Amino acid sequence: MTDASAAGGPAAVLGQAMAFQYAKLVLTGLELGLFEALAKEPGTEEELRGRLGLHARGTGHFLAALAELGFLERDAAGRYRNAALTRDSLVPGGEGYLGGFLRAADQVMYPAWGKLSESLRTGAPQAATFSGEDMFGELYDSEEKKGGLVGMAEDASRPLIPALTSRFDWSAHRSVLELGGCRGNVLAGLVRAHPHLEARVFDLPQMEPDFTAHMAAIGMTGKVGFHGGDFFAGPLPAADVVMIGHSLIDWNDEQRQALVRAAFAAVRPGGAFLVWDPVIVHGADSYLRNLVRSLNLQLMTPHGTGYDLEQCAAWMRAAGFASVGHTTLGHDVTLVVARKG
């Protein structure tokens with residue numbers, strides 16, 4: 001835990017309180033297409049103003065600030081280019097691209113965080129992208145909103161796929177069902193690593209055309225299936241392994257417990273239920289960051305919050321799972337594994 005006042009007095013307090021300025025530098029670079037433009041060709045301040053339609057006032061300091069933050073590099077001739085971390089994470093097409101997530105964060109999360117005090121007074125979400133209780137149904141009914149949601153989900157899950165394929169013994173199981181699996185990106189990575197698996201996404205029917213198109217685009221048609229439905233309505237399809245990632249956090253405790261019970265009924269004997277989320281783990285390096293993520297869920301969803309590892313394990317045991325374990329997937333995400341006897 002960091003005590004800002006003890007760590008550096010007023011300077012540290014100002015650094016934390018004004019950190020939104022640094023965030024907006026990076027988000028604005030993404031919004032303007034700066035990083036994508038520099039991936040095509042480095043340029044001087046004057047060249048970049050012409051290519052991006054920027055004004056002379058402020059652009060030089062904007063570019064210099066991004067260089068100081070480590071997102072850009074500037075050579076002796078004054079030409080800017082992307083730094084390595086920018087090429088990996090902020091240029092479209094890269095394996096680690098986070099632009100889909102960050103664009104949505106800029107457009108949706110950033111304004112909502114300006115209303116945190118209102119949310120703390122009322123408990124109500126502050127995101128402007130939906131109204132009412134059926135957030136996912138509403139977002140999925142809009143192609144634009146659905147695209148933003150899918151982009152965020154895939155950017156968040158993509159870095160976890162290698163760890164997910166290796167930190168659970170998939171050789172002992174034949175089938176896997178992913179709840180809320182969107183376009184099937186996680187299962188596609190899992191099946192590439194473990195081709196013996198029969199894999200299906202379970203998501204709202206509105207997602208099926210996007211799933212079908214995406215599987216065709218990445219050469220996975222027929223290797224991952226789709227089952228349309230609402231995982232709160234009726235029983236789930238049976239599988240050796242049922243899993244849900246970055247989704248249990250979207251619901252309240254009563255809904256989460258209902259979902260865990262439904263998963264228990266769907267998991268075949270000897271199988272497992274896998275959950276991965278930014279779980280709040282006391283004493284872990286991720287503790288503060290995941291507390292902040294919990295507040296973000298309050299702002300962005302009708303019911304979502306973070307939850308403690310101990311809470312999750314208790315839900316699993318109450319549903320009937322014989323044992324519960326956990327491991328890290330990195331990126332502040334914990335994988336909880338509940339096994340059925």
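1. The second largest pocket is lined by 14 residues, and G94, E95, R158, N185 and H214 lie nearest its centre. A pocket here is an open set of points on a 1 Å grid over the protein atoms alone, with protein on both sides within 12 Å along at least five of seven lines; lining residues have an atom within 4 Å of a point. The pocket's volume is about 280 Å³, where a volume is the space filled by probe spheres set on the points, joined across faces, edges and corners.

2. This is a predicted model, in which local features need pLDDT of at least 70 and side-chain atom pairs count only at pLDDT 80 or more, while totals for chains, interfaces and linings use all residues. Residues are numbered from 1 along each chain as its sequence is written, and side-chain values use heavy atoms, with hydrogens and water left out.

3. The pocket lining divides into 4 nonpolar, 5 polar and 5 charged residues. In this count Ala, Val, Leu, Ile, Met, Phe, Trp, Tyr, Cys and Pro are nonpolar, Asp, Glu, Lys and Arg are charged, and the others, Gly among them, are polar. Helix α12 gives the most to the lining of the second largest pocket, with 3 residues.

4. Helices (H or I, at least four residues) and strands (E, at least two) are DSSP runs numbered from the N terminus. Buried means under 20% relative accessible area, exposed over 50%, and partly exposed in between (1.4 Å probe, protein chains only). The buried residues of α12 are N185, V186, L187, A188, G189, L190 and V191.

5. The largest nonpolar core has 32 residues, of which W170, V176, V224, M243, L274 and W276 touch the most other members. The largest share of this core, 5 residues, comes from α12. Such a core is a set of buried Ala, Val, Leu, Ile, Met, Phe, Trp, Tyr and Cys residues joined through side-chain atoms within 4.5 Å. Beyond four places in sequence, V176 touches residues including W170, L187, L190 and M243; contact means heavy atoms within 4.5 Å. Apart from this core lies another, of 31 residues, among them L248, A266, L309 and C312.

6. S157 belongs to helix α10 (residues 143-157). S157 counts as buried because its relative accessibility is 9%. Leaving aside neighbours within four places in sequence, S157 is in contact with V186 and H246.

7. The whole structure holds 10 salt bridges, each a side-chain nitrogen of Lys or Arg within 4 Å of a carboxyl oxygen of Asp or Glu. One of them joins the side chains of K24 and D106 (2.5 Å, N to O). K24 is in helix α2 (residues 19-32) and D106 in helix α7 (residues 99-113), so this pair links parts of the chain 82 residues apart. K24 is partly exposed, at 27% relative accessible area, whereas D106 is buried, at 10%.

8. E45 and R49 also meet in a salt bridge (2.8 Å, N to O). Both lie in helix α4 (residues 45-52), 4 residues apart, about one turn of the helix. E45 counts as partly exposed at 26% relative accessibility, and R49 as partly exposed at 22%.

9. R158 forms a salt bridge with D155, their closest N and O atoms being 3.0 Å apart. D155 is buried, with a relative accessible area of 5%. R158 is also one of the residues nearest the centre of the second largest pocket. Elsewhere, R289, R293 and D332 are linked in a network of salt bridges.

Key. On a 1 Å grid over the protein atoms alone, a cavity is a set of points where a 1.4 Å probe fits but cannot get out, and a pocket is an open set with protein on both sides within 12 Å along at least five of seven lines; lining residues have an atom within 4 Å of a point.
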